[in-house]
Amino acid sequence: MGGKSATPTIYLGLLLVFIVQLGQCEVTYDRKSIIINGQRKILLSGSIHYTRSTPDMWEGLVQKAKDGGLDAIQTYVFWNGHEPTPGNYNFEGRYDLVRFIKTVQKAGMYVHLRIGPYICGEWNFGGFPVWLKYVPGISFRTDNEPFKMAMQGFTQKIVEMMKSEGLFASQGGPIILSQIENEYGPESKEFGPAGQSYVNWAAQMAVGLNTGVPWVMCKEDDAPDPVINACNGFYCDAFTPNKPNKPTMWTEAWSGWFTEFGGTIKQRPVEDLAFAVSRFIQKGGSFVNYYMYHGGTNFGRTAGGPFITTSYDYDAPIDEYGIIREPKYGHLRELHRTIKLCEQALLSSDPTVTSLGSMQEAHVFQSEGGGCAAFVANYNTKSFAKVLFNNKHYNLPPWSISILPDCSSVVFNTAKVGVQTSQMQMWGTGTPALMWERYDEEISSLSTFPVLSSTGLLEQINVTRDSSDYLWYITDVNVGSNEKFLQGGELPSITVQSAGHALHIFINGQLSGSAYGSREDRRITYHGNINLRAGSNKLALLSVAMGLPNVGVHYELWNTGVVGPVVIRGLNDAKRDLTWQAWSYQVGLKGEAMNLHSLQGSTSVEWMQGSLVAQTTQPLTWYRAYLDAPAGDEPLALDMSSMGKGQIWINGESIGRYWTEYANGDCTGCTYAGTYRYPKCQSGCGQPTQRWYHVPRSYLQPTQNLLVIFEELGGDASKINLVKRSVSSVCADVSERHPNIRNWEIENLGQPESGNIFRRPKVHLHCAKGQNISEIKFASFGTPLGTCGNFQQGACHSPDSHTILEKKCVGQQRCTVAISPNNFGGDPCPNVMKKMAVEAICSTSN
């Protein structure tokens with residue numbers, strides 16, 4: 001019997017080896033986790049959207065994600081970018097999806113592909129192409145045959161493309177998960193039975209595509225089997241799957257929040273993010289994806305909302321420019337290392353929960369091999385807690401979790417940050433001042449060749465089909481010579497009702513006033529005096545879209561543009577309603593029609609030259625200049641703080657919309673402890689919401705790069721600057737008893753270590769590539785106070801601190817100093833818990 005059973009076993013083993021060598025793998029799941037080739041996995045993932053960065057950035061971004069301890073990259077698929085017109089596809093440049101996935105594969109990481117094709121994502125029209133709105137009989141995201149046909153067609157297109165390239169894990173590729181639909185739960189409730197029918201159809205359609213990997217639906221409690229339902233949010237520890245055989249997955253752990261013009265910058269403290277992730281893991285979670293891990297840039301007119309900024313930085317661990325954001329990146333990296341130490345125990349059992357106090361508890365996991373891991377939590381938002389666990393005392397900061405991979409030694413605490421904080425700055429590039437030329441958009445010729453005319457007002461997107469942000473509404477206002485205001489009376493006024501998003505009123509070619517909506521209320525009511533003359537007056541209303549809506553029940557039916565009424569008051573006839581008189585329409589700007597932003601189109605007109613052309617604050621003005629690429633490899637940006645509102649192009653590539661709108665909010669303080677919601681921890685109050693606009697270096701050639709600006713309101717182009725982004729200073733603030741993962745590895749993994757077994761915590765400082773530490777601005781070993789940029793000496797201070805740090809660090813790109821009294825000439829205050837605080841200045845290397 002033994003001989004008979006051995007042969008199949010050997011054969012099966014050889015077959016498995018063969019499959020693994022080919023790279024093919026089976027991806028399934030059970031209630032504990034995703035299972036890859038028969039092994040349960042704790043999977044840590046991060047969202048990086050290929051369209052929000054450039055192909056030359058992809059490899060670096062993915063490698064930083066891997067170095068940060070991630071296993072997978074998650075991305076949406078952007079239907080409106082890939083199929084801009086029906087049947088015409090774009091998979092080039094930033095939209096080269098296959099290249100992006102192969103870049104992830106090359107790094108040895110997995111992919112979670114969120115096909116959607118609805119994505120939300122603060123992306124224009126939620127990722128749907130605008131032409132979809134005009135398919136006869138269509139109704140979005142419900143049991144509607146025209147919509148389902150279009151959705152299935154695009155989903156199949158993407159799946160077949162992935163299959164043809166061998167990119168699903170079942171084929172040896174990196175894609176281990178796919179997503180159909182996105183955050184449909186709220187919509188499903190609104191649609192009722194039609195919504196449930198649609199969900200069932202979507203799941204069946206996706207599973208029927210036979211990808212060989214599991215499908216996911218996020219924020220959809222009724223996800224039909226075998227589709228896994230998953231959680232999105234700031235916290236997901238209360239989430240449970242809708243069936244006991246499904247793993248607990250968190251597809252969007254929000255690392256920060258998006259930004260809207262006129263709003264503040266929202267920042268989520270890493271201590272709270274690490275706390276949220278640890279809380280999810282201790283409750284049995286096995287898949288965590290950071291949304292976003294790198295947010296990137298909404299190039300062109302891709303930002304949705306409306307009013308979403310061009311920057312989609314999201315306070316992510318890797319910033320918009322591809323630079324690591326510390327301490328968020330480093331602290332999460334330490335968390336990921338610690339979770340992986342616990343992986344066997346986490347996946348072997350359910351936790352035993354023990355109360356350690358009124359707001360303290362421990363989750364203990366036991367592995368089959370006798371291993372043990374514990375998560376010891378303090379949920380109190382204000383007070384430290386001292387708890388007794390396994391006959392040992394542990395001190396827990398407020399709102400924190402300590403992780404003990406052996407149920408004894410603390411390797412990581414979510415509130416104790418031991419990595420450096422990097423402060424960023426925009427620096428001048430040293431390039432000569434730009435020589436600007438100007439071209440004024442023609443207003444006087446409006447309606448000479450209108451796109452169409454009608455009686456009454458038309459909805460903007462129905463006219464433009466989103467081919468431009470701009471639509472002119474043009475009509476005549478006839479004024480008799482006997483009007484009282486012409487004899488010195490009070491000027492008449494105009495009231496214009498618009499569905500959004502911005503509005504400029506021109507009377508006889510002169511700007512009379514402007515008004516803006518907001519993301520919270522897109523609608524506009526403009527009221528202001530107007531300067532009319534006797535005879536015929538040309539009233540031109542320029543309606544401006546600021547990105548199409550991306551979320552909401554039937555948002556495809558929401559209006560944009562001037563919907564009326566349009567009323568003039570103060571004439572002899574008291575009130576004149578222009579809403580239903582004859583209007584003509586012109587889509588876009590004349591400069592757009594001539595492609596003034598392109599290399600070829602910019603030569604088709606005569607540009608005004610001279611030293612003062614850039615300083616004339618004229619509305620509807622095009623500016624042109626040429627610039628050389630600065631030396632170095634630091635990321636670049638344009639400082640647009642001297643301008644008003646408009647768009648930017650470099651060598652014909654659209655950088656995006658800009659708007660110097662100042663932020664309103666409450667920036668009075670921020671604490672990591674307590675439940676995070678996006679009004680918390682704001683910054684940038686009283687500053688432009690977005691001042692700097694990312695210019696990818698791949699868009700530049702060495703010399704003679706064409707920069708074109710279209711300015712709606714009027715600004716001073718002479719003050720536009722090209723700047724470099726880099727680290728200005730680095731700080732560390734580390735306790736002498738900071739948890740040290742290396743000590744645990746030495747003790748538990750039997751790794752030999754010369755000298756002392758106990759390794760002291762260390763201060764690690766490092767500047768960016770091409771920089772060195774030029775100065776120690778502050779250093780104190782003792783009981784220093786404050787935070788990075790505002791450190792102060794405390795009651796206890798080693799006088800040698802500054803000298804020691806200077807000797808170790810100045811002139812170096814990076815340095816390491818152990819936090820030990822021996823390094824600082826003795827103990828400045830025995831029997832007192834001490835720490836090391838330091839701030840170092842980074843400067844460009846000579």
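Contact, as the word is used here for residues that meet, means heavy atoms within 4.5 Å. The model is a predicted one, and its local features are reported for residues with a pLDDT of at least 70.

**Helix pairs**

Two packed helices are described by the angle between their axes and the distance between the axes.

| Helix pair | Axes come within | Crossing angle |
|---|---|---|
| Helix 8 (residues 270-282) and helix 9 (residues 328-341) | 10 Å | roughly 20° |
| Helix 5 (residues 145-164) and helix 7 (residues 193-207) | 11 Å | roughly 25° |
| Helix 2 (residues 55-67) and helix 4 (residues 97-106) | 9 Å | roughly 30° |

In the pair formed by helix 8 and helix 9, the residues that meet are V270, L273, A274, V277, S278 and I281 on the side of helix 8, and K328, H331, L332, L335 and I339 on the side of helix 9. By residue class, this contact between helix 8 and helix 9 consists of 8 nonpolar, 2 polar and 1 charged. Angles under 35 degrees count as roughly parallel, and with axes that cross at roughly 20°, helix 8 and helix 9 are therefore roughly parallel to each other. The handedness of the crossing of helix 8 and helix 9 is right-handed.

For helix 5 and helix 7, the angle of roughly 25° between the axes falls under the cut-off of 35 degrees, so that these helices, too, are roughly parallel to each other. Helix 5 crosses helix 7 in a right-handed sense. From helix 5, the residues F147, K148, M151, Q152 and T155 meet Y198, W201, A202 and M205 from helix 7. The composition of this contact of helix 5 with helix 7 is 6 nonpolar, 2 polar and 1 charged.

Helix 2 and helix 4 are likewise roughly parallel to each other, because the angle of roughly 30° between their axes lies under 35 degrees. The crossing of helix 2 past helix 4 is right-handed. On helix 2 the contact involves P55, W58, E59 and V62, while helix 4 contributes R99, F100, T103, V104 and K106. These residues of the contact between helix 2 and helix 4 divide into 5 nonpolar, 1 polar and 3 charged.

**Nonpolar cores**

Which residues touch the most other members of the largest nonpolar core? They are L113 and M162, in a core of 136 residues. Once neighbours within four places in sequence are set aside, the contacts of M162 are L97, V98, I101, L113, L167, F168, Q171 and I175.

**Backbone features**

Most residues other than glycine have a negative phi, and most peptide bonds are trans. Against this background, two residues and two peptide bonds may be examined individually.

E122, although not a glycine, has a positive phi of about 55°, and its place is in the loop between strand 6 (110-116) and helix 5. Is E122 buried or exposed? Because its relative accessibility is 9%, E122 counts as buried. N391 is also not a glycine and has a positive phi, of about 65°; N391 is found in the loop between strand 16 (385-389) and strand 17 (392-396). With a relative accessible area of 73%, N391 is exposed.

A cis peptide bond, with omega of about 5°, joins Y291 and M292, and M292 itself belongs to strand 12 (residues 287-294). Another cis peptide bond joins G500 and H501, with omega of about 15°; here H501 lies in the loop between strand 24 (493-498) and strand 25 (502-507).

**The surroundings of D800**

D800 is located in the loop between strand 41 (771-782) and helix 14 (801-809). At a relative accessibility of 35%, D800 counts as partly exposed. When residues up to four places away in sequence are not counted, D800 touches F824 and G825. Along the chain, D800 and S780 are 20 residues apart, and a distance of 8.4 Å separates their C-alpha atoms.

Notes: Residues numbered from 1 in each chain as written. Predicted model: local features only at pLDDT ≥ 70, side-chain atom pairs only at ≥ 80, totals over all residues. Heavy atoms only, no water. Core = buried A, V, L, I, M, F, W, Y, C linked by side-chain atoms within 4.5 Å. Buried < 20%, exposed > 50% of the residue type's maximum accessible area, 1.4 Å probe, protein only. Axes fitted to C-alpha atoms, helices over the stretch in contact; angles between N-to-C directions. Helix = DSSP H or I, 4+ residues; strand = E, 2+ residues; numbered from the N terminus. Parallel < 35°, antiparallel > 145°, perpendicular 65-115°, else oblique. Left-handed = near helix turned anticlockwise from the far one by under 90°. Nonpolar A, V, L, I, M, F, W, Y, C, P; charged D, E, K, R; others polar.
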